[in-house]
Amino acid sequence: MTVALSSLDKLLRGAMHGAEPGAVWLVGAGPGDVDLLTVKALRLIEQAQVLVYDRLVSAEILALAPADALCIDVGKTPGFHGMKQSQINQLLVDLARTGQQVIRLKGGDPFIFGRGGEEMSWAQQAGIPCHVVPGITAATGCAAACGIPLTHRAMAQSVRFITGHGRDGKPQPDWQSLQDPRQTLVFYMGLTWCEALSQQLIAHGRDAQTPVAIIERGTRRDQRVMITRLAELARCVAEQQPQSPSLLIIGDVVTLYRPAYSATSTLTPSASNALIDS
């Protein structure tokens, strides 16, 4: 059952007295496709007593939890955070202190832009055991769903995972280090700042004609893929209006994308046939 946050305080007060501490499990739910869960993640979800989940966890995965499990939504949306991260950290500790095994279900992998490190440290400082179950991160899941290899001997000898949303909002990576055309760039949470992102990459030496894939709801049944070029990225986003969760893959490996890999695909006007057929 899903519990409203307004009733959570009452539940915690009623269960804390005399309970032996439980534990927190940081579990990666993968990019959305239920079949991409690890076996361990599936077992934990199916046996969950208390499940605290993010917005990016798909409904199909949540449906695997027992009907009587206590499910708490702490998801964040762009511009609105129902619970601050510090409050989520404390919630996990408080729930574990009731004696429960708390399943903290996170989209992708807990330790890749999922704030899993912060939650683990908070639990450990409170004396609560914390276990980590890795998940398939969005970069590898979405790329595989589109047939885009993140590395390729002839095109890309390395890959970088980069957050498109810095601590103060605007991304602040080392732009100079991202200019190598043999390096695939994967931006998480990059839609909001896509114009600044493309401008900075071009200004620091990345070719304006570098192909870009925008993958919306990657690995899910309603996945949508938009192919464009770095100089046209902001216009593509404005025209096609992709929604979160969306991932940006930037590099020559995007030329290997084939529409047949995805359930739904959109080729933008700025993407020529040569981009797909090269």
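Trainee: What covers the buried residues of helix 5?

Mentor: In this predicted model, the cover over the buried residues of helix 5 includes strand 1 (23-28), helix 4 (85-96), strand 6 (101-106) and strand 7 (130-133). The buried residues in question are Gly116, Glu119 and Ala123 of helix 5, which spans residues 116-125.

Trainee: What puts those three on the same side of helix 5?

Mentor: Gly116, Glu119 and Ala123 are the buried residues, and they cover an arc of only 65 degrees around the axis, which is why they are placed on the same side of helix 5. Just after helix 5, Gly127 has a positive phi of about 80 degrees.

Trainee: How do you know which side of helix 2 is buried and which residues are exposed on the other side?

Mentor: In helix 2 (residues 39-46), the buried residues are Ala41, Leu44 and Ile45. They span an arc of only 100 degrees around the axis, and therefore they sit on the same side of helix 2. On the other side of helix 2, Val39 and Arg43 are exposed, a term kept for residues over 50% relative accessible area. The buried residues of helix 2 pack against strand 1, strand 2 (50-53), helix 3 (59-62), strand 6 and strand 7.

Trainee: Why is Gln183 called buried?

Mentor: Gln183 has a relative accessible area of 9%, and the word buried applies under 20%, so Gln183 is counted as buried. Gln183 belongs to strand 9 (residues 183-188), and, leaving aside residues up to four places away in sequence, Gln183 touches Ser158, Arg160, Ser177, Leu178, Arg206 and Ile250. For the protein as a whole, buried residues make up 48% of the 278 residues.

Trainee: Why are helix 7 and helix 8 called roughly antiparallel?

Mentor: Helix 7 (residues 194-203) and helix 8 (residues 233-240) pack at an angle of about 160 degrees, and their axes are 8 Å apart. Angles over 145 degrees count as roughly antiparallel, and therefore helix 7 and helix 8 fall under that heading. The contact is made by Cys194, Glu195, Leu197 and Ser198 from helix 7, together with Leu233, Ala234 and Val237 from helix 8. The crossing of these two helices is right-handed.

Trainee: Where is a cis peptide bond found?

Mentor: A cis peptide bond joins Ser244 and Pro245, with omega at about 5 degrees. Pro245 is located in the loop between helix 8 and strand 12 (246-250).

How values were computed: Residues numbered from 1 in each chain as written. Predicted model: local features only at pLDDT ≥ 70, side-chain atom pairs only at ≥ 80, totals over all residues. Heavy atoms only, no water. Buried < 20%, exposed > 50% of the residue type's maximum accessible area, 1.4 Å probe, protein only. Helix = DSSP H or I, 4+ residues; strand = E, 2+ residues; numbered from the N terminus. Contact = heavy atoms within 4.5 Å. Arc of directions from axis to C-beta. Axes fitted to C-alpha atoms, helices over the stretch in contact; angles between N-to-C directions. Parallel < 35°, antiparallel > 145°, perpendicular 65-115°, else oblique. Left-handed = near helix turned anticlockwise from the far one by under 90°.
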